[in-house]
Amino acid sequence: MGTYINVGNQGFKRIRRSEYIDKSGLIAVVNDTLFTGQSLSCVTRCRRFGKTMAAEMLCAYYDQSCDSRNLFADLEIASHPSFEEHLNKYPVIYLDITNFTTRDIPRLDIVPTIQREVKEEVCRLYPEAETRSEDDLMATLTKIADHYKIHFIMIIDEWDAICREASEEKEAMDKYVNLLRRLFKGSNTAQVFAGVYMTGILPVKKYKTESALNNFIEYSMVSPGGMAQHFGFTKEEVRDLATKHGMDFDELEKWYDGYQIGDELSMFNPNSVMQAVTRHRCRSYWASTGAFDAVAHYIQMNFEGLRDNIIHMLGGGRCPVDPTGFQNDMSVIRTRDDVLTVLIHLGYLSYEWEEEECYIPNREVAGEMVNAVKANNWQPVVDAIQQSKQLLKATLDGDCEAVARGVEAAHDENTSILSYNNENSLACVLSIAYFYARNNYVLHRELATGKGFADLVLIPRKNVDSPAIVLELKYNKDADTAINQIKRKKYPAKVAEYVSNLLLVAINYDKSKKTHECLIEKYSGL
């Protein structure tokens, strides 16, 4: 068993000894690319979405030095027509780039170290090829492939570790990009490699120069292509896990669902789900990392109203984003869209490609975003979020004065961050004020036509015995008008399928007096 070549299937064996959700269908997708013009794949996902597990699974499947048939016999890939054709048929070169970036060596020595150590190992394994000491890695692999009439599979895990950790060291980065170009963009690439699978967080196509590695087929959080279903856990997979472990599926859904990845409309964070079912407790298992800290200060700089966008999304809204201009380099952040795109790749936002919008996917991520807001000293927002628990209680208790005071406090505290004179700002302030309600409710925002009001509908989650709540915030009108408008719009009929009772909450903001009034009416006439 080698260090870099023919490393065997021990990694995937360890995975199979634990509870494993079958993602072997990914192998069939990769099989279809081998020996084709699409044989170079870069599959990037956010952290804790199974990148390394997928790489170790592919290594176990292709590696000719081991027999992995039993590892896959009960999995989806075993019934695929390509299963036998490629099972354990190739010499596999497996590189985890973090094994080099975490060593105590200068950044400039990383690429020479990769070249030297991999070259030495393949030369020991294939001694009959006429290689020379001055040959670089690609020249060595070309001579070996030609002499032994073989094709390699190359799997690179955390391909972008150098890009993320040494992005400011231009010479080290240039060396790394040139190594990848030498391996994968030369005339001998097809002669040497049956296929290449790289995985990491950031896509590669536009790294540094437009043409650096544009022959890779990219599958990312923004554009996952045919690999979308293999990026995370599906609703059906999580429902089965919940049943098996006696967990509340609705709680798992609230905490970890919400990612739309390509055509897959409901994807869960796989690592967090497995942590929750193992510990039998839903909570945030996704602590803040340096990757997020690296972009937090850009949020504070408020590119093109970015800060307003973040608050808007904390309130349950969505924001337009154009990910096409991002250079896939976290050291080159120039616009609001760049920051939002980074957050999508890191998993802090989900991307809805048809509408080209992003949003905060679930409670776990919302908590981390609140931590980021705290770190950036957006104290008015933090205060409103902390007070939102009392506001929900006052609403359910029918305490009109307390609700008016709570919304007014949220308004007063946030005027330094958000203007309070249009529908989006009104809705955003109201949504932030009811932030705590997300624990037990699904919030639906609906911006009505006409100037100066916004609607918020709170639908209780399936395991919550509470009324639905319909709120309307009017601007320079009166609370009675808002109540009547709710009834005219027949909002009760919209929520009739969920509950048998609900609360109508009308809040009016008097701009001249800068005060709010509130009326709460129990409605049970369904």
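**Figure 1. Salt bridge between Glu117 and Arg116.** In this close-up, the side chains of Glu117 and Arg116 form a salt bridge, with an N to O distance of 4.0 Å. The structure shown here and in the other views is a predicted model. Arg116 is partly exposed, its relative accessible area being 43%. By the rule applied to the model, the count of salt bridges comes to 20.

**Figure 2. Salt bridges of Asp338 with Arg334 and of Asp337 with Arg336.** The side chains of Asp338 and Arg334 meet at 3.9 Å, N to O. The two partners fall into separate accessibility classes: Asp338 has a relative accessible area of 3% and is therefore classed as buried, the limit being under 20%, whereas Arg334, at 47%, is partly exposed. In the salt bridge between Asp337 and Arg336, the closest N and O atoms lie 2.7 Å apart. Both Asp337 and Arg336 are buried.

**Figure 3. A salt-bridge network of Arg132, Glu134, Asp135 and Lys143.**

**Figure 4. An open sheet of three strands.** The strands are arranged in the order E9-E11-E10, and their pairing is antiparallel. Strand E9, residues 319-320, and strand E10, residues 350-352, are the edge strands, each of which pairs on one side only. Strand E11 spans residues 357-359 and runs antiparallel to E9, to which two bridges join it. Within this pairing, Cys319 has Cys358 of E11 as its bridge partner.

**Figure 5. The second largest pocket of the model, with a volume of about 510 Å³.** The pocket is lined by 27 residues, of which Gly50, Met53, Phe233, Pro270 and Met274 are the closest to its centre.

Methods:
Residues numbered from 1 in each chain as written. Predicted model: local features only at pLDDT ≥ 70, side-chain atom pairs only at ≥ 80, totals over all residues. Heavy atoms only, no water. Pairing = 2+ DSSP bridges. Helix = DSSP H or I, 4+ residues; strand = E, 2+ residues; numbered from the N terminus. 1 Å grid on protein atoms, 1.4 Å probe; cavity = no way out; pocket = protein on both sides within 12 Å on 5 of 7 lines; lining within 4 Å. Points joined across faces, edges and corners; volume = space filled by probe spheres on them. Buried < 20%, exposed > 50% of the residue type's maximum accessible area, 1.4 Å probe, protein only.
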